[in-house]
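Subject: Structure for you, with notes

Hello,

Please find the structure below, followed by my notes on it. The notes go from the overall fold to single residues.

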Amino acid sequence: MAYFERMRDIVSEPFSPDVIRQRTSAGWQMVAIEWKRELPDAEAPTEREFEEDVPYGLRVSDDCRRLEPDPVEHKVLMLIMDLLVEDYSYAEIVASLNEKGFHMRNGQPWNRVAVFRMIPRMIEVGPNFFSSAEWAERRQHIEHQHVDAMDRPAKHQHGWKNLFGRRTRE
C-alpha cells in the first residue's frame, strides 16, 4: 500500500504560480484549494448550523487539528461490544455500565435508549474493534470463561434463560 504525506500551506499573501512550480518540482501534487471569505451579516450562519458532535469514542486532539481516541469512551464502546456479543439485554448492559461508574457525555447515568442509540456507532467501529489485538485478547478471555463455566453446574438450573439455551452469567 502506498503511503502519502500531506502538507497544508497557510497563505498570508497573494498566491503565486511560483509556489505551485516549487511544490510540483519537489514531488507534491495539489489535491485541493480552500477558499474563505467574510460573510455579510445577512448571510451569517445560525449558531447551530456549525454544531456537529464528535463521534463517540473520539475527542478533539490538543492541537485541535484531528480527532483521536478517547480512552474512557473507548472502554465504554469495548464493554458495550463485549456485552452485545455475549447477548446481554440493553437493561443488563446499562446496569453493567452504571455499576462500573461510566456516565454518558452529559454526565448522566446510562439508560437503555442511550445504549440503543450507540448501535450505529458500534457498526462504524466494529470492524476496527474486531481486527484489534485488544479484541482478540478479550475474546480469548471470554471463551476461556465459558469453557470453565461449562464444567460447573449452573446456579439457576430452572431459570427461564436456561430453558432457551442462554448462557448463565455468574
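Helices (H or I, at least four residues) and strands (E, at least two) are taken as DSSP runs and numbered from the N terminus. The model is predicted, so local features need pLDDT of at least 70 and side-chain atom pairs count only at pLDDT 80 or more, while totals for chains, interfaces and linings use all residues. Residues are numbered from 1 along each chain as its sequence is written, and side-chain values use heavy atoms, with hydrogens and water left out.

Overall

The protein chain has seven helices and two strands, and their order along the sequence is α-β-β-α-α-α-α-α-α. Of the 170 residues in the protein chain, 19% are buried. Here buried means under 20% relative accessible area, exposed means over 50%, and partly exposed is in between (1.4 Å probe, protein chains only). Among contacts (heavy atoms within 4.5 Å) with a separation of 6 or more, 45% are between residues 24 or more positions apart.

Salt bridges

A salt bridge is a side-chain nitrogen of Lys or Arg within 4 Å of a carboxyl oxygen of Asp or Glu. The count by this rule is five.

One of them joins Asp18 and Arg21, with the closest N and O atoms 2.4 Å apart. Both residues lie in helix 1, three residues apart, or about one turn of the helix. Asp18 is partly exposed because its relative accessible area is 43%, and Arg21 is exposed because its relative accessible area is 52%.

Arg121 and Glu124 also form a salt bridge, at 2.8 Å from N to O. These two are separated by about one helical turn because they are three residues apart in helix 5 (residues 119-130). Arg121 counts as buried, since its relative accessibility is 13%.

Another salt bridge connects the side chains of Glu68 and Arg59 (2.9 Å, N to O). Glu68 has 15% relative accessibility and therefore counts as buried; Arg59, at 36%, counts as partly exposed. Both belong to a network of salt bridges that links Arg59, Arg66 and Glu68.

Helix packing

Helix 2 (residues 71-85) packs against helix 3 (residues 90-99) at an angle of about 145 degrees, and their axes are 10 Å apart. Axes are lines fitted to C-alpha atoms, for helices over the stretch in contact, and angles run from 0 to 180 degrees between N-to-C directions. The crossing of helix 2 and helix 3 is right-handed; a crossing is right-handed if the near helix is turned clockwise from the far one by less than a right angle, and left-handed if anticlockwise. On the helix 2 side, Val76, Leu79, Ile80, Leu83 and Leu84 meet Ile93, Ser96 and Leu97 of helix 3.

Leu77 is also in helix 2 and counts as buried because its relative accessibility is 2%. Leaving out residues up to four places away in sequence, Leu77 touches Tyr56, Gly57, Met118, Arg121, Met122 and Phe129. Between Leu77 and Met118 the separation is 41 residues in sequence and 8.5 Å in space, C-alpha to C-alpha.

Surface patch

Val11, Phe15, Ile20, Met30, Ile33 and Trp35 make up a nonpolar surface patch, with about 690 Å² of accessible area together. Patches are made of residues with over 30% relative accessible area and no salt bridge; like charges are joined within 9 Å, and nonpolar side chains (Val, Leu, Ile, Met, Phe, Trp, Tyr) within 5 Å. Ile33 is placed in the loop between helix 1 (17-25) and strand 1 (58-60), and Ile33 counts as exposed because its relative accessibility is 53%.

Backbone

Which residues other than glycine have a positive phi? Cys64 is one, at about 60 degrees; Asp87 is another, at about 70 degrees. Most residues other than glycine have a negative phi. Cys64 is in the loop between strand 1 and strand 2 (67-69) and is exposed, with a relative accessible area of 62%. Asp87 is in the loop between helix 2 and helix 3 and counts as partly exposed at 47% relative accessibility.

Regards

Notes: Areas by Shrake-Rupley, 256 points an atom, 1.4 Å probe, with all protein chains shown as cover.
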